[in-house]
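Hi,

Here is the structure I promised to pass on. Have a look at it first, and then read my notes below.

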Amino acid sequence: MSDELAFAGVVELARRVRAKEVSAREVADAFLSRIDAHDGALGTYLVVDHDGARAQADAVDAAIAGGADPGPLAGVAMAVKDVIVTEGLVTTAASKILAGWVPPYDATAVARLRAAGAVILGKLNCDEFAMGSSNERSAWKPCRNPWDRDRVPGGSSGGSAAAVAAGLAAASLGTDTGGSIRQPAAFCGVVGFKPTYGRVSRWGAIAFASSLDQIGPLARSVGDAARVLEVIAGLDPRDSTSIDQPAPALEAALAAGVAGLKVGLPREYFEGSIDAEVAAAVHAAGAALVAAGAELCEVSLPHTRYALPAYYVIAPAEAASNLARYDGVRFGHRATARELGDMYATTRAEGFGPEVKRRIMIGTYALRAGYYDAYYKKAQQVRALIKRDFDQAFELVDVILAPTTPTPAFAIGEKATPLDMYQTDVFTLACNLAGIPGLAVPVGAATSGLPIGAQLLGRPLDEATVVRAGAVIEAAFGTKRPPAGGAA
Amino acid sequence: MVLTREEVAEIAQLARLALGDAELEVLRTELAAILDHVAALQEVETTGVEPMTHAVPTMLRLRPDTVAASLPVEVALADAPAAKDGCFEVPAIIKAAT
């Protein structure tokens, strides 16, 4: 019973709860008991809110009993990456500098989930301040891949992907600054959706790189991710970068098919270090689109190789500015010091982990007087050229199909240097720099049994076309469960 | 490229990070490797290219100038490491003259 509910999915759970086939409380209890039984070995949750989740579920059941419509996520048990704030529920961004912090408000995306009837089970593990590609940079504990516990779940939204793969949440929220939703989705064999920049309010998303950060869903199917994104998308007066457009009609696009759609395969993504099985799986996804009536052609994104260097100037520079707020004055950790300047510097040295310090240092270096033009301005100009590459490609094709990652999930401890780790995001960064939507979908498995992901990149605000193609690929490959549901 | 200990210490000072000798030494080599990698940007011809500051064109959005509720003082101070008389409390701002 409990396992069946855990893998039923968002749309199906909401249907059953609204039809009174199961109560929201039964759904919440099923997930909570699975988390209690299995999460010790996986480490996907940082906080499990047993009492809060049951109270939310009871409120949904009471609304239904009273004849009210509890919303499109009625009783759907979800969880939220720890960089997204939740009122009354400890939120640390997986950092010691925010140990024990209890936010006084909900992020807009979380408030919209609650208003749609979702039940929030707890906070999910991630890399500290979303800086990482493996979840190994969490200050609190490692998170493991449900397909192979010696491997990473990806990052930075590692807990968000692993929890959904293992049936410990029906869906989750993550954030994607350079691939942090799509890369772990690919590693864990689930769907991950990074919306157009500005589609979802960043109010309450703890800032890493403000011109790149975007909240999005991870789920077991394209339809589930579409349902969640429709709920959280839309203008928010509290985020001046949120776009004044109605939420896209994504569920309506699921069955639209791809007949006549032009799909581009970017040549540069298949040169160099890509694993042969990953390349073959992406080509198989292309063949599935062709079989459904799409037209496939090669496109070129000539500045692809400069996405990584541009990203590792822009993102650290913005991070260095954003993380200046962690000074020990208003919240979080404070070091003991006799005077203020020492208190700032010691608090930050004690509270931040090595990767966060590294990025603050790179960003500070790039922004300092005399270096700005050579680094930050240059990177912003290259960013404009990367965006132009996509604009030109989208004059020829409607959607781009590419690998999400060069390889399947790597082993814990495998990436020895910071640059080795950064290279694992080489295919996901350009999407954020250009601000376009990206949907990661499973496309089968390697001979090792590990999942492989492909990503669909679309025009700005054209999530609907991305969903159409994603649904066709999903129908061809399906979504599989890890061995013993990740609970072995 | 080669970074000196002094340069790295200066950046740490600008970033308000009190780093020890061992940490500075590790960062000295790591930062140099990362800066070598991003130096590839210099290969790209960018003359006349307008820097892209944001993913979408952003404009300041106006809102009605109306009074709304703000965070109550006791809520804002609830997570403070130290508070006194309705204010955040911090150590001495100016070094005592000796």
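Before anything else, keep in mind that this is a predicted model. I'll start with helix 9 of chain A.

After helix 9 of chain A comes Gly293(A), with a positive phi near 105 degrees.

Next, some strands. Strand 6 of chain A (residues 215–219) is largely enclosed by the rest of the structure, because five of its five residues are buried. Two strands pair with it. Strand 4 of chain A (residues 171–175) runs antiparallel to strand 6 of chain A and is joined to it by five bridges, with Ser172(A) opposite Leu218(A). Strand 5 of chain A (residues 191–194) is also antiparallel to strand 6 of chain A, through two bridges, and here Gly192(A) stands opposite Leu218(A).

Strand 2 of chain A (residues 77–81) is mostly covered too, with five of its five residues buried. Its pairing with strand 3 of chain A (residues 119–124) is parallel, over four bridges; Val80(A) has Lys123(A) as its bridge partner there.

Setting aside neighbours within four places in sequence, Met78(A) is in contact with Leu113(A), Ala118(A), Val119(A), Ile120(A), Leu121(A), Ala169(A), Ala170(A), Ala171(A) and Ser172(A). Met78(A) also turns up in the largest nonpolar core, which has 183 residues; Met78(A), Phe31(A), Val76(A), Val119(A), Leu121(A) and Ala169(A) are the ones that touch the most other members. The largest share of this core, eleven residues, comes from helix 10 of chain A (residues 307–322).

Now the interface. How many residues of chain B are in contact with chain A? There are 42, and they meet 53 residues of chain A. Helix 1 (5–14) and helix 2 (21–38) of chain B each supply at least two residues of the side that touches chain A, and helix 2 of chain B gives the largest share, seven residues. By class, that side of chain B has 30 nonpolar, five polar and seven charged residues.

Last, a quick look at Glu89(B), in the segment after strand 2 (87–88) of chain B. Is Glu89(B) buried or exposed? It counts as exposed, because it has 12 C-beta neighbours inside 10 Å. Not counting residues up to four places away in sequence, Glu89(B) touches Ala82(B), Ala83(B) and Lys84(B). Val38(B) is 51 residues from Glu89(B) along the chain, and their C-alpha atoms are separated by 42 Å.

Cheers

Technical notes:
Residues numbered from 1 in each chain as written. Chains lettered and ligands numbered in written order. Predicted model: local features only at pLDDT ≥ 70, side-chain atom pairs only at ≥ 80, totals over all residues. Buried ≥ 20, exposed ≤ 12 C-beta atoms within 10 Å, placed from the backbone. Pairing = 2+ DSSP bridges. Core = buried A, V, L, I, M, F, W, Y, C linked by C-beta atoms within 7 Å. Contact = placed C-beta atoms within 7 Å. Nonpolar A, V, L, I, M, F, W, Y, C, P; charged D, E, K, R; others polar.
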